[in-house]
Amino acid sequence: MMENKEVVVREEQTSLGSIRIADEVVRVIAGLAATEVPGVAGMSGGVVGGIAEMLGRKNLSKGVKVEVGEKEAAVDLFVIVEYGIRIPDVALQIQENVKKAIESMTGLSVVEVNVNIQGVAFSQEGKEEEHRVR
């Protein structure tokens with residue numbers, strides 16, 4: 001039987017009691033902050049059969065790896081970007097957004113945000129070509 005293990009990333013004692021932040025919380029914060037950046041099509045659950053699997057908004061912690069110490073955190077993100085955007089600009093914006101979100105919400109110091117581009121999503125604008133003959 002497997003017990004429901006809660007991985008506590010940060011625990012702080014105050015005069016009113018203790019505050020605990022779980023590992024999953026940091027992953028969700030990072031995933032949400034990354035998907036807020038314009039040009040990000042979604043998070044990637046990894047490469048399956050050579051094709052990046054795109055995940056919806058329900059799986060915000062998927063495609064995010066976090067290593068957390070007592071005061072610092074390092075984040076690895078696996079994202080899919082939209083076609084036509086400048087990838088280095090979007091990646092930098094992801095790094096800044098994730099760092100700011102985690103630091104402001106948890107108090108942890110973010111030392112690394114590694115962005116791994118797993119794929120490119122194409123828009124559905126090519127529908128006009130289907131009706132070439134009338």
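Lysine 99 and glutamate 103 both lie in helix 2 (residues 87–106), 4 residues apart, about one turn of the helix. Helices here are DSSP runs of H or I with at least four residues, strands are runs of E with at least two, and both are numbered from the N terminus. Lysine 99 and glutamate 103 form a salt bridge, with their closest N and O atoms 2.9 Å apart. A salt bridge is a side-chain nitrogen of Lys or Arg within 4 Å of a carboxyl oxygen of Asp or Glu. Lysine 99 is partly exposed, at a relative accessible area of 34%. Glutamate 103 is also partly exposed, at 28%. Here buried means under 20% relative accessible area, exposed means over 50%, and partly exposed lies in between (1.4 Å probe, protein chains only).

The model is predicted: local features need pLDDT of at least 70, side-chain atom pairs count only at pLDDT 80 or more, and totals for chains, interfaces and linings use all residues. Residues are numbered from 1 along each chain as its sequence is written, and side-chain values use heavy atoms, leaving out hydrogens and water.

The protein chain holds 2 helices and 7 strands. Along the sequence, their order is β-β-α-β-β-β-β-α-β. The chain has 134 residues, of which 32% count as buried. Among contacts with a separation of 6 or more, 63% join residues 24 or more positions apart. Contact means heavy atoms within 4.5 Å. The accessible surface of the chain is about 9500 Å², and carbon and sulfur atoms account for 49% of that surface. Accessible areas come from the Shrake-Rupley method with a 1.4 Å probe; for residues, only the protein chains shown count as cover.

Across the whole structure, the search finds 4 salt bridges. Helix 1 (residues 23–35) contains aspartate 23 and arginine 27. These two residues form a salt bridge, with the closest N and O atoms 2.7 Å apart. They are 4 residues apart, so about one helical turn separates them. Arginine 27 also meets glutamate 24 in a salt bridge, at 2.3 Å from N to O. Glutamate 24 and arginine 27 are 3 residues apart in helix 1, again about one helical turn. Aspartate 23 is buried, at 16% relative accessible area. Arginine 27 is partly exposed at 21%, and glutamate 24 is partly exposed at 34%.

Aspartate 76 presents another case. This residue is found in strand 6 (residues 72–82). Aspartate 76 is buried yet has no salt bridge. Its nearest side chain of opposite charge is lysine 65, 4.4 Å away. For charge, Lys and Arg count as positive and Asp and Glu as negative, while His and the chain ends are not counted. The side chain of aspartate 76 does make a polar contact with the side chain of asparagine 114, at 2.8 Å. A polar contact is a pair of N or O atoms within 3.5 Å; within protein, one must be able to donate a hydrogen and the other to accept it, and residues adjacent in sequence count only if both atoms are side-chain atoms. Beyond its neighbours within four places in sequence, aspartate 76 is in contact with Gly63, Val64, Lys65, Asn114 and Asn116.

A nonpolar patch lies on the surface. Tyr83, Val120 and Phe122 form this patch, with about 370 Å² of accessible area together. Patches are made of residues with over 30% relative accessible area and no salt bridge; like charges are joined within 9 Å, and nonpolar side chains (Val, Leu, Ile, Met, Phe, Trp, Tyr) within 5 Å. Valine 120 lies in strand 7 (residues 109–121). Valine 120 is partly exposed, with a relative accessible area of 39%.
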